[in-house]
Amino acid sequence: MAILAAGVLAFCLMRNHRMPSRGDALLDKMPELGWVRSELKLTDEQFKKVAQLHVDYRPECVEMCHRISQAHEQIEELAKTGRGMTPELDAALREHAAIHLECQQTMLGHIYRTAALMDPRQSERYLEKVLPYALDFTHSETGNLHER
């Protein structure tokens, strides 16, 4: 029994030693944080704060994307099954617009909180790179008809 227990303990110690910490694993799945760190030359302290802010924001962002996707599906279903503007379709379009507004406000708030953790030069560069993406929601649409 002692040999078995020692073997299990050794396995666990080696696994924990080789496995990245939870924070490192999260950062590995978010390559945009690596870009922020290297491009803006963040200090370790700045990067730690930016990374934590990003990790904290991530679930909110995922939820917003889910809500936008559901709104798209609702509009598509109503548009395909109907033959004109109905009160239901109108309501779905309004809900879709409200979700986009909320998403954009939330994203911009996150971006400005992140920029506030940086020095003025870093902040300016960060906003220059990130704001155009945040202000363009064609990437979240199911398809842009004007580009086809």
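Trainee: Let's start with H6. Why does the distance between its end C-alpha atoms agree with the expected span?
Mentor: H6 has 15 residues, and at 1.5 Å a residue they should span 21 Å. The end C-alpha atoms are 20 Å apart, so the two agree. Keep in mind that this is a predicted model.

Trainee: Where does H6 kink?
Mentor: At Glu 128, by about 30°.

Trainee: Which residues of H6 are buried?
Mentor: Gln 122, Ser 123, Tyr 126, Leu 127, Val 130, Leu 131 and Ala 134.

Trainee: What covers them?
Mentor: The cover includes H3, H4 and H5.

Trainee: OK, zooming out. How many helices and strands does the chain have?
Mentor: Six helices and zero strands. From the N terminus, the order reads α-α-α-α-α-α.

Trainee: How much of the chain is buried?
Mentor: Of its 148 residues, 28% are buried. The chain exposes about 10,700 Å², and carbon and sulfur atoms supply 59% of that area.

Trainee: Now the largest nonpolar core. Which residues touch the most other members?
Mentor: Val 36, Leu 42, Ile 111, Met 118 and Tyr 126, out of 18 residues in that core. Helices H3 (31-40), H4 (44-81), H5 (87-115) and H6 (120-134) each supply at least two residues. H6 gives the largest share, with five.

Trainee: Which residues does Ile 111 contact?
Mentor: Setting aside neighbours within four places in sequence, Ile 111 contacts Tyr 126, Leu 127, Val 130, Leu 131 and Ala 134. There is also a second, separate core of five residues. Among them are Met 64, Ile 68, Ile 99 and Cys 103.

Trainee: One last residue. Is Thr 114 buried or exposed?
Mentor: Buried, because its relative accessibility is 3%, and the cut-off is under 20%. Thr 114 lies in helix H5.

Trainee: What does Thr 114 touch?
Mentor: Val 50, Leu 53 and Tyr 126, not counting residues up to four places away in sequence.

Notes. Residues are numbered from 1 along each chain as its sequence is written. This is a predicted model: local features need pLDDT of at least 70, side-chain atom pairs count only at pLDDT 80 or more; totals for chains, interfaces and linings use all residues. Side-chain values use heavy atoms; hydrogens and water are left out. A nonpolar core is a set of buried Ala, Val, Leu, Ile, Met, Phe, Trp, Tyr and Cys residues joined through side-chain atoms within 4.5 Å. Buried means under 20% relative accessible area, exposed over 50%, partly exposed in between (1.4 Å probe, protein chains only). Helices (H or I, at least four residues) and strands (E, at least two) are DSSP runs, numbered from the N terminus. Contact means heavy atoms within 4.5 Å. The expected span of a helix is 1.5 Å times one less than its number of residues. The bend at a residue is the angle between axes fitted to the seven residues ending there and the seven starting there. Accessible areas come from the Shrake-Rupley method with a 1.4 Å probe; for residues, only the protein chains shown count as cover.
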